[in-house]
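Subject: Structure handover

Hello,

The structure is below, followed by notes on what was found in it. Please read the notes alongside the coordinates.

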Amino acid sequence: MALSGLDIYKLLPKTNCKECGYATCLAFAMALAQKKASLDKCPHVTLKAKEALESASQPPIKLVTIGVGEKKLEMGNETVMYRHEQKFYHPTGIGFLIEDTLDLDKIQEVISKINSLSFERVGLTIRPDLVCIKNSSGDKDKFVKAAEAAVSKTGLNIALYSDDAAKILEALKICKDRKPLMICGDISKLDEFGKIAKENSVAIAVTFSNIEELAQLTDRVKKSGVEEIVLNIKTDSLWKRIQDATSIRRTALKKNLRPLGYPVMAFTNTSEADLELAEAVSYVAKYVSLVIVKSIEKDFVFPILVARQDIYTDPQKPVQVEPKIYEIGKVTKDSPVLVTTNFSITYFTVAGEVEASKVPTYIVCCDAEGMSVLTAWAAEKFTAEKIAESIKTNGIADKVSHKKIVIPGYVAVLSGKLEELSGWTVEVGPREASGLPAYLKGWK
Ligand code: SF4
């Protein structure tokens with residue numbers, strides 16, 4: 001937890017000697033708390049105070065990076081329990097379990113299918129992050145060949161999972177440059193795994209089934225010189241795994257307990273796709289930074305990615321589209337003109353229904369600070385004045401030969417004043433976007 005200016009002040013010498021460039025120790029402490037000054041500017045700070053201050057300036061949950069380049073996966077560094085307190089920073093990574101007991105052809109086929117899992121939603125691309133090769137066969141060659149297939153067939157990040165450190169070391173030889181995550185399945189060999197992680201500069205996941213022992217395990221790994229640690233929950237039931245992930249987040253944030261200040265990962269533990277989906281989404285919602293699933297079907301993966309996108313959107317900043325005129329289909333001077341707000345979900349819902357209607361249409365998106373229609377109207381961000389101003393300045397009058405606009409049914413109350421201010425005929429459209437196809441087909 002970050003220290004306040006007063007907490008920092010208590011650790012300073014309180015002599016007000018001004019050598020740091022500030023008039024008082026208190027002023028320097030305030031500047032430190034706001035990260036506007038660095039501690040080394042005070043030559044009189046004691047070693048003990050220095051250690052305490054440096055430790056307090058570390059994030060409560062360490063940032064761990066898997067992979068390299070654009071697709072690298074960053075986990076941890078979260079600062080709150082609930083997204084409305086601020087926001088969640090690093091979206092949960094979604095990975096797929098690939099066991100090396102599968103034939104090599106099948107592994108390649110599965111990886112190709114995983115590569116195709118990329119979707120567009122509210123103007124953004126959402127896709128999974130990782131493939132996890134598990135040494136279920138116990139055979140070194142099969143494990144290495146499966147890892148080779150992952151390296152050559154996908155640009156996604158890689159995790160290597162084995163109980164045997166020697167086999168992990170062989171697989172690491174071919175994918176070390178991709179900075180994979182090394183998952184240690186056997187804690188009795190943790191020191192051996194830690195040594196390999198240190199020598200190869202990769203992160204290590206520590207598998208645990210008893211949270212009481214976790215602090216000891218991470219301390220052991222830290223002693224081997226590894227900083228990037230992930231906590232792999234392997235407790236029996238779903239509720240216990242959620243409980244453990246929540247306890248770890250709370251303990252790290254509220255008690256600043258460093259040995260638990262690492263991102264958490266979990267494997268789904270059911271073979272029924274519906275239950276697996278519920279399990280994966282539960283992990284995304286409750287503090288798991290990397291979820292490894294078994295199913296690879298599109299209709300299984302898409303809802304998980306949507307849940308992640310929604311939970312990791314900044315609640316203070318709705319996802320917005322640019323406020324401007326959008327053309328759907330081959331518009332002409334006779335095409336209808338719809339007006340809506342620039343909240344992404346609103347725009348894409350309207351645009352989707354217009355596309356479905358097959359009636360080429362202009363959509364005028366007004367700047368409503370990313371709020372949906374009713375919310376923006378209630379907050380006075382989607383008013384007759386604002387819509388009239390948008391119509392006057394965005395050039396829609398040059399694009400059509402008529403002067404008719406369609407407003408959402410929920411804001412029918414704006415029509416009179418809007419006609420007066422804009423000089424356009426205002427028509428009231430359906431309340432819900434789902435009514436647009438029928439409405440547009442009958443529009444004249
Ligand atoms: S140099 Fe240190 S002791 Fe002197 S005023 Fe600044 S903080 Fe206080």
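The ligand is surrounded by 13 residues, counting a residue as near when its C-beta atom, placed from the backbone, lies within 6 Å. The closest are Cys 17, Glu 19, Cys 20, Cys 25 and Cys 42. By class, this shell has eight nonpolar, three polar and two charged residues. Here Ala, Val, Leu, Ile, Met, Phe, Trp, Tyr, Cys and Pro count as nonpolar, Asp, Glu, Lys and Arg as charged, and the others, Gly among them, as polar.

Two points on provenance. This is a predicted model, in which local features need pLDDT of at least 70 and side-chain atom pairs count only at pLDDT 80 or more, while totals for chains, interfaces and linings use all residues. Residues are numbered from 1 along each chain as its sequence is written.

The chain is assigned domain 1 (5-56), domain 2 (64-311) and domain 3 (325-441); the bounds come from an automatic or database domain assignment. Taken over C-alpha atoms, the centres of domain 1 and domain 3 are 56 Å apart.

Helices (H or I, at least four residues) are DSSP runs, numbered from the N terminus. Axes are lines fitted to C-alpha atoms over the stretch in contact, with angles from 0 to 180 degrees between N-to-C directions.

Helix α4 (residues 104-115) and helix α5 (residues 140-153) have axes that come within 10 Å and cross at roughly 35°. Their crossing is right-handed (the near helix is turned clockwise from the far one by less than a right angle). Leu 104, Ile 107, Gln 108, Ile 111 and Ser 112 of α4 make the contact with Lys 145, Ala 146, Ala 149, Ala 150 and Lys 153 of α5 (C-beta atoms, placed from the backbone, within 7 Å). This contact has six nonpolar, two polar and two charged residues.

For helix α6 (residues 165-175) and helix α7 (residues 190-200), the axes come within 9 Å and cross at roughly 15°. That makes α6 roughly parallel to α7 (angles under 35 degrees). On the α6 side, Ala 165, Ile 168, Leu 169 and Leu 172 meet Glu 192, Phe 193, Ile 196 and Asn 200 in α7.

Helix α14 (residues 384-393) packs against helix α16 (residues 415-422) at about 35°, with the axes 9 Å apart. The α14 and α16 crossing is right-handed.

Regards

Terms used:
Helices (H or I, at least four residues) and strands (E, at least two) are DSSP runs, numbered from the N terminus. Angles under 35 degrees count as roughly parallel, over 145 as roughly antiparallel, 65 to 115 as roughly perpendicular and the rest as oblique. Two residues are in contact if their C-beta atoms, placed from the backbone, lie within 7 Å.
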